[in-house]
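This report covers strand pairing, the nonpolar core and a surface patch. The sequence and the model are shown below.

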Amino acid sequence: MSHRASGTFNVKLTPLATYAGAEAPTLGRMSIDKQYQGDLTATGIGEMLTAGTATKGSAGYVAMERVTGTLQGRDGSFALQHSGTMTRGEGRLVITVVPDSGTGQLEGLTGTLAITSAAGKHSYDFDYTAPRSLLSLTTHRLSGSTLVAGRSRRSLYSLDARLRGFVPSRTRR
């Protein structure tokens, strides 16, 4: 199921030791420290590599960022991969969730994040999908039997055991 999360963020970029030599393209490194607000309440930390050129408005960057917090009520962390280029002032930015990087209730998360900057303020729109985990399913009582999303507790236990490669000699009802 697809979802959209939106909000704002503050970012602090700190220059790190750069590469030797001043030839073009000029290479740089920065640490990233972000605070997300809105549907995503989290911190982001990471590192950015940049390349500048002698042509005004042309540059590129790549970055990896680990985001830890709560995404619309789900706790966990995930990694974002950034790839940005500017060609004479025309920008292109792609920010994607690193496959299989989600932890906790964000396990299986996929998606892309779009950033908008205006008047010194940053906002994001995060289009994502996250499969429902067994832990987040709603438990219902029906006719004296516990059901979880249409499955009995015993069948879920059996499914969980098979996924873990463990089948006990005896299951409880």
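Which residues form a nonpolar patch on the surface? The patch consists of Tyr-19, Leu-27, Leu-49 and Val-62, which together have about 340 Å² of accessible area. The model is a predicted one. Leu-49 lies in strand β3. Its relative accessible area is 36%, so Leu-49 counts as partly exposed, the range for that class running between 20% and 50%.

Strand β3 also takes part in the pairing of strands summarised here.

| Strand pair | Residue ranges | Sense | Bridges |
|---|---|---|---|
| β1 and β2 | 2-15 and 26-38 | antiparallel | nine bridges |
| β2 and β3 | 26-38 and 40-52 | antiparallel | eleven bridges |

Individual bridge partners can be named for both pairs. Val-11 is bridged to Lys-34 in β2, and Asp-33 is bridged to Ile-45 in β3. One residue separates β2 from β3, and the two strands form a hairpin.

The largest nonpolar core holds 18 residues. Those touching the most other members are Tyr-36, Leu-40, Leu-71, Phe-78, Leu-80, Leu-109 and Phe-126. At least two residues of this core come from each of β1, β3, β4 (59-71), β5 (74-87), β6 (90-97) and β8 (121-129). The largest contribution is that of β8, with three residues. In soluble globular proteins, nonpolar side chains tend to be buried together.

Leaving aside residues up to four places away in sequence, Leu-109 touches Leu-71, Phe-78, Val-97, Phe-126, Tyr-128, Thr-129, Ala-130 and Pro-131.

Technical notes: Residues numbered from 1 in each chain as written. Predicted model: local features only at pLDDT ≥ 70, side-chain atom pairs only at ≥ 80, totals over all residues. Heavy atoms only, no water. Pairing = 2+ DSSP bridges. Helix = DSSP H or I, 4+ residues; strand = E, 2+ residues; numbered from the N terminus. Core = buried A, V, L, I, M, F, W, Y, C linked by side-chain atoms within 4.5 Å. Buried < 20%, exposed > 50% of the residue type's maximum accessible area, 1.4 Å probe, protein only. Contact = heavy atoms within 4.5 Å. Patch = residues over 30% accessible without salt bridge, like charges linked within 9 Å, V, L, I, M, F, W, Y side chains within 5 Å. Areas by Shrake-Rupley, 256 points an atom, 1.4 Å probe, with all protein chains shown as cover. Salt bridge = Lys/Arg side-chain N within 4 Å of Asp/Glu carboxyl O.
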